[in-house]
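Here is a short report on helix packing, a pocket and some backbone features. Keep the structure open while reading.

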Amino acid sequence: MNKDLIVIGAGPGGYEVAIKASQHGLKVAIVEKGELGGTCLNQGCIPTKAFYQSALVHKTLTEAEEFGFNNVQYEVDFAHIQSRKNNIVSNLRNNIKMMLEKNNVEIIKGEASFLDEHTIIVRNDGEDKTLSADYFIIATGSVEKTIKIPGLDLPNVLTSKELLEINKVPTKLIIVGGGVIGVEFASIFRELGSEVTIYEYMDRILPLFDSEISTRLKSLLKRRGIEIINDALVEKIEQSEDGLILSGKTKKGKEFIDNAEYILIATGRKANYDGLNLDKINVLCDKNGIVVNENMQTTVEHIYAVGDVTGSNMLAHVATFQSFKALDYLLGKENNTDFMVVPRCVFTFPEVATVGLSEEDAKSRYENIKTNKYLFRASGKAQTMGEVDGFVKVISKDDLLIGCHIIGPDASSLIQAATILIERKISLKDAANIIHAHPTLPEAILEAIRGLI
């Protein structure tokens, strides 16, 4: 069977480009060994946000008296929360299948491995199918990266994928890792009633974010009852009669020991390309993932790689736009997507979102950097919402915005406005002259920018 393009992996970096390629007249097949939608839909972004939304409703109920509603009674039905999450995932998965079929993309179930530069074999339940194509896009994503300590194989020591399938709210949850995955699950399960402790190896949570954001988030999470231990080197996990025992020491040598019903290992992700047989066809990989150039080509020019499998900027929306970049180059079309301007969102209470350079990065690259903050406490809309914690922080060089960092209500939605200003290089003066509706949260970005001028 010969195709113009075979896409390996049906996550955000795979299924959208397969549809787009078919719409451009290419004969396309997509190969997926798991479920359509990849990690994002099945074990990542979507199910986590379904849990988060349930936690947000719980938060609203617990704060109802502030808005004039007394004696509100409810109970947490975690089985229903799980069922709702599963239905959302199933509906979206069916929609992806429908879109692929509607656009004449052949869906092939199984695990792909290269036989040569133009041929793959797909294995599924003992059956082998050989396919060839002029071009390939590898979009096989990433898998959990775990630390090498004794006890990882004990019952109730879970990855994020497994935590999404538990049947009860944990009484006590320990989270090893204070990155995005760790702080999101901490926020969700603390809100649903778990006692939560985060152990993070670095000196702050969200270590890749602007340090002022990390510091403020730690303070707000601790206010919500989440314990956070930084500079923590976890050394082992053991089983006890009452559950699990975690132990280790800080970088200064102070020992710690803790116990929990469940332990989540949230120490990051790594590129997933095992089994593709890439060394046989001379596709180069390094310690991060598959090596690609600015057009997403591997060392074999008709084979492209996008998303997490390249080991950089592991975000679903980056994978999608990288795949579009690859397809446009393949088709001879211009594509000027700026991958230096990528919004990132963290669904905690409150939300965090960021785009562009942090203050630390900006100062290491440029001189004459300006920064300004606008507190949500000064926002009329935030006051009416009862969500006054946090701020908008903006960073500029000359007359251009180069970074925006938000911690506060609806940060995940607000960040897109700043993304447009940065990506389109709109001057601070022009940005400040754009009329904003009042009272709204986007006014906080406007006021922060005005403070730079």
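## Helices α1 and α8

Helix α1 (residues 15-23) packs against helix α8 (residues 316-331) at an angle of about 30°. Their axes lie 9 Å apart. α1 is therefore roughly parallel to α8 (angles under 35 degrees count as roughly parallel, over 145 as roughly antiparallel, 65 to 115 as roughly perpendicular and the rest as oblique). The crossing is right-handed (the near helix is turned clockwise from the far one by less than a right angle). Axes are lines fitted to C-alpha atoms, for helices over the stretch in contact, and angles run from 0 to 180 degrees between N-to-C directions. Helices (H or I, at least four residues) and strands (E, at least two) are DSSP runs, numbered from the N terminus.

From α1, the contact (heavy atoms within 4.5 Å) uses Glu16, Val17, Lys20 and Ala21. From α8 come Thr320, Ser323, Phe324, Leu327 and Asp328. By class, the contact of α1 with α8 has four nonpolar, two polar and three charged residues (Ala, Val, Leu, Ile, Met, Phe, Trp, Tyr, Cys and Pro are nonpolar; Asp, Glu, Lys and Arg charged; the others, Gly among them, polar).

## Model and conventions

This is a predicted model: local features need pLDDT of at least 70, side-chain atom pairs count only at pLDDT 80 or more, and totals for chains, interfaces and linings use all residues. Residues are numbered from 1 along each chain as its sequence is written, and side-chain values use heavy atoms, leaving out hydrogens and water.

## Helices α3 and α4

The axes of α3 (residues 45-62) and α4 (residues 78-102) come within 9 Å. They cross at roughly 140°, so the two helices are oblique to each other. This crossing is right-handed.

In α3, the contact residues are Ile46, Pro47, Ala50, Phe51, Gln53 and Ser54. They meet Phe78, Ile81, Gln82, Arg84, Lys85, Ile88, Val89 and Leu92 in α4. The class count is nine nonpolar, three polar and two charged residues.

## Second largest pocket

α3 also gives the most to the lining of the second largest pocket, with six residues. In total, 19 residues line this pocket. Leu56, Lys59, Thr60, Met385 and Glu387 lie nearest its centre. The lining has ten nonpolar, four polar and five charged residues.

## Backbone features

Phe349 and Pro350 are joined by a cis peptide bond, with omega about 5°. Pro350 sits in the loop between β18 (344-346) and β19 (351-356). A cis peptide bond also joins His438 and Pro439, with omega about -5°. Pro439 is in the loop between α12 (428-432) and α13 (443-450).

Technical notes: On a 1 Å grid over the protein atoms alone, a cavity is a set of points where a 1.4 Å probe fits but cannot get out, and a pocket is an open set with protein on both sides within 12 Å along at least five of seven lines; lining residues have an atom within 4 Å of a point.
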